[in-house]
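Subject: Structure handover

Hello,

Please find the structure below. My notes on it follow, grouped by topic.

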Amino acid sequence: MWNRRQGRLRPVGCGVEELRCRRREREAALRKARREQQLVSKRLLRDDAPEETEGEYVALILGEAEIQQFLRLAQRGPEEKERERALVSLHRGLQHPETQQTFIRLEGSMRTLVGLLTSNQALLQLEAARCLHELSHSEQSAVAEACLPATSYLLTYISGHSSDLIELCLYTLGNLIVESEAVRRQLLPQGIIPALAACIQSPHLTVLEALGYALSQLLQAKEAPEKIIPSSSPGSFVLGSTLPQHMLRLLQPGPKLNPGVAVEFAWCLHYIICSQVNNALLITHGALSTLGLLLLDLAGAVQRSEDVGLELLVCPVIRCLSNLLTEEEVETLGEQMQLRDERVVAALFILLQFFLQKQPSLLPEGLWLLNNLTANSPSFCTSLLSLDLIEPLLQLLPVSNVVSMLVLTVLCNIAEKGPAYCQHLWPGPLLVSLLEMLAFSDAEVVGQSLELLQLLFLYQPEAVQAFLQQSGLQALERHEEEAQLQDRVHALQQTALHR
């Protein structure tokens, strides 16, 4: 992703191309680390009755005899209310791991529960689904895998008419998907992807949020790039279905955007992009422009102080944009943001200030996006300079070593664009900040500072004299014996002394 422009530079010290190569290697390692961060988890959907919330209800551990009795009553009870109460009692008992273990050991218990799931009585069917949901949430893999006989029915019912049942089935499937490859091997030929593609058109927000959860669990599977995501077979894989277009539709900013739904599908998009199966397809579907507009919308929410829970959505959105910008197709398809550069940069800095105040852990995510925006784009670098954002950027340097590295990398992106860009960086507070960075003990931060100084010396001769006048050589001397920095320190010393 780094700009390979051939500049006519004097062969003094460390060359620009060598600096770029080093930064490309570091960037690849950082990108790989971000791609490997996953959010595998299970969710429990409980809608307890009012009397349970008033402290009158305590779930009891059930033995074999009690489980058998409740199943028998649920099957053959003389009245529908009695049958329903039996399943409610079983559902409550299954909240205990001990009851779950007893249930799966009991011969015929799962077969009976699946039979009740297929009941034509809606309330009975819903309680049976709740029992399965409790089992799917178990931390014991054997308990969750015991639910395998129910998967085909769960898939069938997500195409039904009851939004409550559909939501419950989707969360149950999501819990089962994460449990083991055996579960996923069964669900794929049963048609989970076409079923999800049909369900994503539901008008119910609770259903869409549950679908996003189930899909995100599926996309995080280790076999997803080969067996779940590919676009080679229409309908059978995620990229071959209509799911990506609908996901992007649900991420479009506007009055219909639902934060809960958007968070789920932003993470889904993130996992697809990280698989690197066919990101060109997402780009042609307008992923960059949709995400860019959503970024502007999120920055607007911060300005309006509507930032409750904002970090839940902004993190996957920024990651998606960052990773898409590293694709070669971005340049070849002319998709480097179908937005004015200044709007995107201004929005990102609004979010960076928000992160600094309320969510510092997200600062590296925002700076990573800024790095990828400026690496190949002189226009984004120009926007940073024209909006006077260099000083606010420098103010982030003391936050942490990771933040310092990313800030310095962005400044290198600007400096490597040539003399005209370095003239805007100099004079100003940059030299003082770099001298402070040279006092750091972190070798990577110092190394990145040296690279930025090297670029400034190459393109802005006045910088050398200012560096010498402010005791720059003495600042370099403290790093002369560090093996990781020796060559770069020596090269910079030679450049400074022979200009």
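α3 passes α5 in a right-handed crossing. A crossing is right-handed if the near helix is turned clockwise from the far one by less than a right angle, and left-handed if anticlockwise. Helices here are DSSP runs (H or I, at least four residues), numbered from the N terminus.

Before the rest, the basis of these notes. This is a predicted model, in which local features need pLDDT of at least 70, side-chain atom pairs count only at pLDDT 80 or more, and totals for chains, interfaces and linings use all residues. Residues are numbered from 1 along each chain as its sequence is written, and side-chain values use heavy atoms, with hydrogens and water left out.

Helix pairs

The axes of α3 (residues 64-76) and α5 (residues 97-105) come within 10 Å and cross at roughly 70 degrees. Axes are lines fitted to C-alpha atoms, for helices over the stretch in contact, and angles run from 0 to 180 degrees between N-to-C directions. α3 and α5 are therefore roughly perpendicular to each other (65 to 115 degrees; under 35 counts as roughly parallel, over 145 as roughly antiparallel, and the rest as oblique). On the α3 side the contact (heavy atoms within 4.5 Å) is made by Glu64, Ile67 and Leu71, and on the α5 side by Thr99, Thr102 and Phe103. By class, these residues are three nonpolar, two polar and one charged. Ala, Val, Leu, Ile, Met, Phe, Trp, Tyr, Cys and Pro count as nonpolar, Asp, Glu, Lys and Arg as charged, and the others, Gly among them, as polar.

In a second pair, α4 (residues 80-93) and α7 (residues 122-136) pack with their axes 9 Å apart, at an angle of about 10 degrees. That makes α4 roughly parallel to α7. Arg83, Glu84, Leu87, Val88, Leu90 and His91 of α4 meet Leu123, Leu124, Glu127, Ala128, Arg130, Cys131 and Glu134 of α7. The contact of α4 with α7 has seven nonpolar, one polar and five charged residues.

Cysteines

How many disulfides does a search of the whole structure find? The search finds zero, a disulfide being a pair of cysteine sulfur atoms within 2.5 Å. For Cys315, the closest cysteine sulfur is in Cys320, at 9.5 Å, too far for a bond. Cys315 counts as buried, at 10% relative accessibility (buried means under 20% relative accessible area, exposed over 50%, and partly exposed in between, with a 1.4 Å probe and protein chains only). Cys147 is also buried, with a relative accessible area of 1%.

A buried isoleucine

Ile272 lies in α16 (residues 259-275) and is buried at 1% relative accessibility. Leaving aside residues up to four places away in sequence, Ile272 touches Leu219, Ile229, Val238, Leu239, Met247, Asn279 and Leu282. The C-alpha atoms of Ile272 and Gln220 are separated by 8.8 Å, although the two residues are 52 apart along the chain.

Positive phi

Ser305 is not a glycine, yet has a positive phi of about 60 degrees. Ser305 sits in the loop between α18 (287-303) and α19 (310-324) and is exposed, with a relative accessible area of 58%.

In α23 (residues 378-386), Phe380, Cys381, Ser383, Leu384 and Leu385 are buried. Just after α23, Asp388 takes a positive phi of about 55 degrees. Asp388 is found in the loop between α23 and α24 (390-394), and counts as exposed at 61% relative accessibility.

Regards

Definitions and conventions:
Helices (H or I, at least four residues) and strands (E, at least two) are DSSP runs, numbered from the N terminus.
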